[in-house]
Amino acid sequence: MSKNLVAYFSASGTTKEVAEVLANAASADLFEIKPAKPYTREDLNWTNKNSRSYIEMNNPKSRPEIASKVENIEDYNTIFVGFPVWWYVAPTIINTFLESYDFSGKTIVLFATSGGSGLGRSGEVLQKCVDKSTKIVSGKVLNGRATEKSLKSWIDSLNI
Ligand SMILES: Cc1cc2nc3c(=O)[nH]c(=O)nc-3n(C[C@H](O)[C@H](O)[C@H](O)COP(=O)(O)O)c2cc1C
């Protein structure tokens, strides 16, 4: 049977909340993309050019290490991948995640939370991390309107 997975990174808890509701709405398994080295408050200070997040987001080669792996990725056909928008795109740990598995022929649906920005060029940037046969759907920013009901109708509208 084809299964769904919701995999998310959340530095301060907002995306985690949405991911949990989405996993229920999609009857999906849930996987947290946990950094091997957690982000501290100072790491997340976007006004400081020496902060970890600032440095990582300015280095296209940055691939922060992930603490654990999805055991059975081949079981999933659709993988929802969620993250906070950082500097108008996905944090580079999402690149690490996408480059860690073979997603050939699978569908990846992006979702995010943000301070107001949309997904920007995230889909385009992340397509480079996966095979050409992987379909990336540049889903949605789900700020403050993530009820299970609304997410169910969103998933239905995706036709996946
Ligand atoms: C380093 C950094 C960069 C950010 N860049 C943006 C941005 O470009 N646009 C935006 O709307 N919000 C931005 N934000 C705000 C986060 O996207 C927002 O607070 C998000 O909901 C946090 O999710 P989390 O609690 O799951 O980590 C940024 C936050 C951080 C820490």
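The lining of the second largest pocket is made up of five nonpolar residues, three polar ones and one charged one, and this description, like the rest of what follows, rests on a predicted model. The residues that form this lining are Met57, Asn59, Pro60, Arg63, Val89, Ala90, Thr92, Asn95 and Val125, and the space in the second largest pocket comes to about 150 Å³.

From here the reader can turn to the largest pocket, which has a volume of about 520 Å³ and which is the space taken by the ligand. Its lining consists of 19 residues, and those that lie nearest the centre of the pocket are Trp46, Pro84, Val85, Trp86 and Gly115. Sorted by class, this lining has eight nonpolar and 11 polar residues, with no charged residue.

The ligand itself has 19 residues around it, of which Ser10, Ser12, Thr15, Thr113 and Ser117 come nearest. By class, this shell holds eight nonpolar and 11 polar residues, and no charged ones.

Individual atoms can then be followed from the protein to the ligand. A polar side-chain atom of Thr113 lies 2.6 Å from an oxygen atom of the ligand, while at Tyr88 a backbone N or O atom is found 2.9 Å from an oxygen atom of the ligand. At Trp87, a polar backbone atom is 2.9 Å from a nitrogen atom of the ligand. Taken on its own, the ligand has 650 Å² of accessible area, and the protein covers 85% of that area.

How values were computed. Residues numbered from 1 in each chain as written. Predicted model: local features only at pLDDT ≥ 70, side-chain atom pairs only at ≥ 80, totals over all residues. Heavy atoms only, no water. Near = heavy atom within 4 Å. Polar contact = N/O pair within 3.5 Å; in protein donor to acceptor, adjacent residues only side chain to side chain. Areas by Shrake-Rupley, 256 points an atom, 1.4 Å probe, with all protein chains shown as cover. 1 Å grid on protein atoms, 1.4 Å probe; cavity = no way out; pocket = protein on both sides within 12 Å on 5 of 7 lines; lining within 4 Å. Sits in = over half its atoms within 2 Å of the grid points. Nonpolar A, V, L, I, M, F, W, Y, C, P; charged D, E, K, R; others polar. Points joined across faces, edges and corners; volume = space filled by probe spheres on them.
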